[in-house]
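Please read the points below alongside the sequence and the model.

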Amino acid sequence: MNKRTVNNLAVGVLWAAAAVTVSVLGAIIHYGFVNGIQVLSPAFIFTWPEGVNAEGGVWPTIVSTMYVTALSMLICTPIAVLAAIYLAEYAHQGRIVSSIRFAADSLASVPSIVMGLFGFALFVEAMGIGLSMLSAAMALSLLMLPIVMRATEEAIRAVPRYIRWGSYGMGATKWQTVSKVVLPAASPRIITGVVLATGRAVGETAVVFYTMGQAIWLPLSPLESGRPMTVHLYLLAVEGINIPAAYGTALLLMIMILGFNLGSRWILKRYRKV
Amino acid sequence: MPRALILAALLVALAAPLSGCRDTGADSQLIVTGSTTLLPIAEQAAQGYQEANEGTSVLVSGLGSSAGIEAVSAGTSDIGTSSRDLKEEEGVLGLVDIPVAFDGIAVIVSPENPVDAVTTQQLQDIFSGKIRNWQEVGGENRRIDLVNRDEASGTREAFKKIVMADDARFDRSAVVLPGTGQVRDVVSHSEGAIGYISVGFVEPRFTDTRVKALKVDGVEPSEETVTSKEYPIARTLHFFTKGEPQGLAKSFIDYVLSSEIQNGVVVEAGFVPVTEGGGE
Amino acid sequence: MSAPNGSTAVAGELQLVSRQTQLKEWLLAALFFACAFLAVLAVALIFIFVGWRAAPIVSEVGLSEFLLGSVWAPTDGDFGIRALIQGSFVVTFGALIMGTPLAVGTAVFLSEIASPRIRSVVRPAVELLAGIPSVVYGFFGVVMLRPIIAEVTGGVGFGPLTASIVLAIMIVPTIAALSEDALGSIPMGIREASFAMGATQWQTIYKVVVPAAKIGIVDAIILGMGRAVGETMAVLMLVGGAPQFFSGVGQPMSTLTSQIVMDMGYATGTHRTALFGMAAILFVISMALVLTVRLLSRLRD
């Protein structure tokens with residue numbers, strides 16, 4: 001075979017690989033949509049589960065998911081942003097910075113069951129907070145931390161030097177520069193990072209299961225238990241009795257995450273001035 | 001940045017007074033935890049009870065019968081639900097036993113399977129792996145695919161206690177599934193599979209898939225044979241309280257034993273009512 | 001990059017930065033450092049807590065009995081996890097075998113062959129795959145894939161084959177994204193030099209570009225492996241939950257992750273300690289993989 005033929009064959013294989021990847025996604029979305037759309041209705045979204053086998057809707061699970069996600073965002077973002085500021089603006093390369101980065105990478109790779117058991121052992125039992133939104137949010141924040149840290153650090157580094165120099169030149173302190181000049185310039189990318197991390201938190205199951213419990217309940221206080229959509233889907237799927245409701249929940253989850261994904265792209269596109 | 005801090009502070013401030021009104025043991029909130037088998041009944045009854053009694057809240061969760069027993073004896077829950085009887089070592093915990101339903105466990109196979117009946121001894125040999133081919137119990141020449149429940153399942157506990165007596169062990173090569181519907185679904189589509197589920201779930205509910213329930217020791221599983229104790233594989237579903245039930249717990253338990261729940265949710269969940277003369 | 005010293009005497013109105021401000025700046029820097037160090041603290045805490053809960057396993061069961069014992073039957077007092085380790089290994093291996101070619105192929109396609117228009121379709125597709133929650137993967141695997149595998153293997157359809165296929169799809173985004181980054185960081189000039197010598201695109205790819213990005217791609221695969229080993233929900237729903245040694249791709253097995261979830265709901269005493277021991281092992285494996293990636297990257301530099 002001459003090199004032309006080999007080339008064409010190989011390129012064809014590569015096209016096939018990409019095509020398979022895209023088709024798998026298409027199949028998943030199609031399957032989820034076709035099976036789930038029949039179940040989706042205002043009634044499904046806004047009513048409570050009813051009956052022995054979770055007929056009715058999924059409203060409390062939607063609220064639980066949004067509540068814990070919002071709480072995680074609130075806990076994680078300030079810490080991650082401040083941490084990234086340290087890494088980008090204040091730190092000198094060395095042992096400490098290296099270990100911080102290693103720790104962040106490790107946090108990102110912790111298996112979710114391990115994080116779930118850790119959250120259970122520390123937040124639920126040792127700290128006595130019990131199965132609650134707060135325990136779950138803290139555990140989720142740990143998972144989100146590396147993502148937001150990295151996004152923020154890159155965002156800060158992307159801010160051109162001359163903007164900072166202009167600020168120092170006017171007599172601003174470091175903190176004034178960071179807070180009034182650098183951060184606002186970096187905020188679109190930071191927000192994108194937060195939104196992406198949140199998308200990850202929405203999809204977590206094991207972590208939340210061991211820190212929040214599974215009570216079907218509309219949580220008011222962060223110390224209350226609840227049941228997020230992922231856990232609900234899991235329970236529906238393994239109980240195996242009300243499969244239509246499972247499809248509906250799965251589709252809602254996918255739509256939510258798709259929304260986050262598209263939302264983050266939109267933010268980036270819209271505010272791309274840097 | 002200051003804005004975010006203010007927001008966070010507001011949230012915490014909001015949460016503090018709200019969390020204050022969460023008081024285990026106070027009259028307005030009841031914590032019920034335990035068996036996943038009892039979860040549907042507990043949740044439904046909780047909803048009905050809360051609707052009928054404004055201001056009360058009944059929080060139900062299901063992490064397993066053992067977890068429920070542990071929680072109620074430790075005081076972290078008011079009622080512990082269990083789909084198994086107390087073990088010997090748990091007898092000293094001072095728990096009061098209130099039966100709330102009966103459950104027959106049907107042994108199911110695919111409708112295509114020619115076998116109709118087994119004996120308890122055959123069941124034990126099948127599930128322990130001694131009998132591996134359907135031929136040995138009068139069926140076709142086909143490998144037996146065991147479908148077991150997870151170890152946290154009360155259904156498995158009950159099946160084990162009655163069928164796997166004398167230290168017989170479940171074969172470790174059995175598929176372990178965590179839910180009734182899954183067992184049913186898998187068995188209905190695999191001609192060689194055998195599993196067990198609550199009697200009330202043999203008939204299809206949300207699907208078209210069918211399974212066949214085998215006669216055990218000559219007795220067909222049904223509500224009558226379970227209540228009359230003729231059918232050998234049956235168990236009692238329990239509510240446990242530490243000491244005699246009082247206050248909110250007693251009120252809730254009475255509600256669960258009322259005919260509204262017994263003939264409604266309990267039957268819907270596939271179980272057999274305990275009031276109306278059935279049982280002890 | 002140190003903070004500017006306080007005094008900037010420009011115009012009369014500008015005051016020297018007061019000691020108060022210097023203190024404030026220092027406190028802020030300390031705050032930032034504390035936040036950053038939180039990551040280290042968190043990892044240390046995970047180590048400590050999980051390790052502390054798992055430690056009794058050494059005295060209660062014995063380390064070699066735990067790691068090498070072939071029977072996992074907690075109700076009988078057997079806590080040997082060798083079959084579970086094998087299960088995790090088999091499922092991960094299967095996922096890597098199926099997922100890596102697909103992922104690297106897609107990455108090479110994106111980096112070397114795709115036009116910007118095609119890339120704007122394929123790249124988001126890969127990202128979206130990454131966003132789908134594992135419980136959704138598990139659910140769809142149960143309802144869609146399991147019956148097919150049951151037909152094909154004649155069993156019940158739960159087992160390493162089903163789990164590996166779904167897991168492979170789940171790690172494709174991880175491996176593909178990182179591989180694409182690695183390929184993208186190779187300067188264009190290398191490719192141009194290759195073309196100038198008359199090489200075809202494919203020859204350039206496999207003789208020049210990929211070897212140059214080798215370490216980055218290996219990093220990607222290792223991280224994909226980490227993801228596969230740690231994956232819980234999808235594997236739990238598909239692998240069959242039978243703590244036995246490999247007996248056919250269509251026969252059920254159990255993994256470290258799936259066994260923890262199955263047992264955690266009712267495990268007490270030594271059983272629970274054993275589960276924490278398994279969690280500790282998983283944590284150590286994931287950190288070891290992260291470490292490997294760092295060391296490899298250092299090699300590159």
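1. A salt bridge is a side-chain nitrogen of Lys or Arg within 4 Å of a carboxyl oxygen of Asp or Glu. Between chain A and chain B the count is one salt bridge. Its partners are Arg227(A) and Glu43(B), whose side chains meet at 3.4 Å, N to O.

2. On provenance: this is a predicted model, in which local features need pLDDT of at least 70 and side-chain atom pairs count only at pLDDT 80 or more, while totals for chains, interfaces and linings use all residues. Residues are numbered from 1 along each chain as its sequence is written, chains are lettered from A and ligands numbered from 1 in the order in which they are written, and side-chain values use heavy atoms, with hydrogens and water left out.

3. The contact of chain A with chain B takes 29 residues from chain A and 30 residues from chain B, contact meaning heavy atoms within 4.5 Å. The area buried between the two chains is about 2400 Å², and carbon and sulfur atoms give 69% of that area. Buried area is the accessible area (1.4 Å probe) that two parts lose on being put together, summed over both.

4. One residue pair is in polar contact across the interface of chain A and chain B, both residues at pLDDT 80 or more. A polar contact is a pair of N or O atoms within 3.5 Å; within protein, one must be able to donate a hydrogen and the other to accept it, and residues adjacent in sequence count only if both atoms are side-chain atoms. On the side of chain A that touches chain B, the elements giving two or more residues are strand 1 (49–50), helix 3 (59–90) and helix 10 (229–239). Helices (H or I, at least four residues) and strands (E, at least two) are DSSP runs, numbered from the N terminus. By class, this side of chain A has 19 nonpolar, six polar and four charged residues. Ala, Val, Leu, Ile, Met, Phe, Trp, Tyr, Cys and Pro count as nonpolar, Asp, Glu, Lys and Arg as charged, and the others, Gly among them, as polar.

5. For chain C and chain A, 80 residues of chain C are in contact with 79 residues of chain A. These chains bury about 7000 Å² between them, with 81% on carbon and sulfur atoms. The interface has three salt bridges and nine residue pairs in polar contact, both at pLDDT 80 or more. In one salt bridge, the side chains of Arg265(A) and Glu127(C) meet at 2.5 Å, N to O. Helix 1 (residues 19–54) of chain C gives the largest share of the side of chain C that touches chain A, 21 residues. That side divides into 59 nonpolar, 14 polar and seven charged residues.

6. Chain A has eleven helices and two strands, in the order α-α-β-β-α-α-α-α-α-α-α-α-α from the N terminus on.

7. In chain C, Thr106(C), Phe109(C), Leu110(C) and Ser111(C) of helix 4 meet Ile118(C), Arg119(C), Val122(C), Arg123(C) and Val126(C) of helix 5. The residues of this contact are five nonpolar, two polar and two charged.
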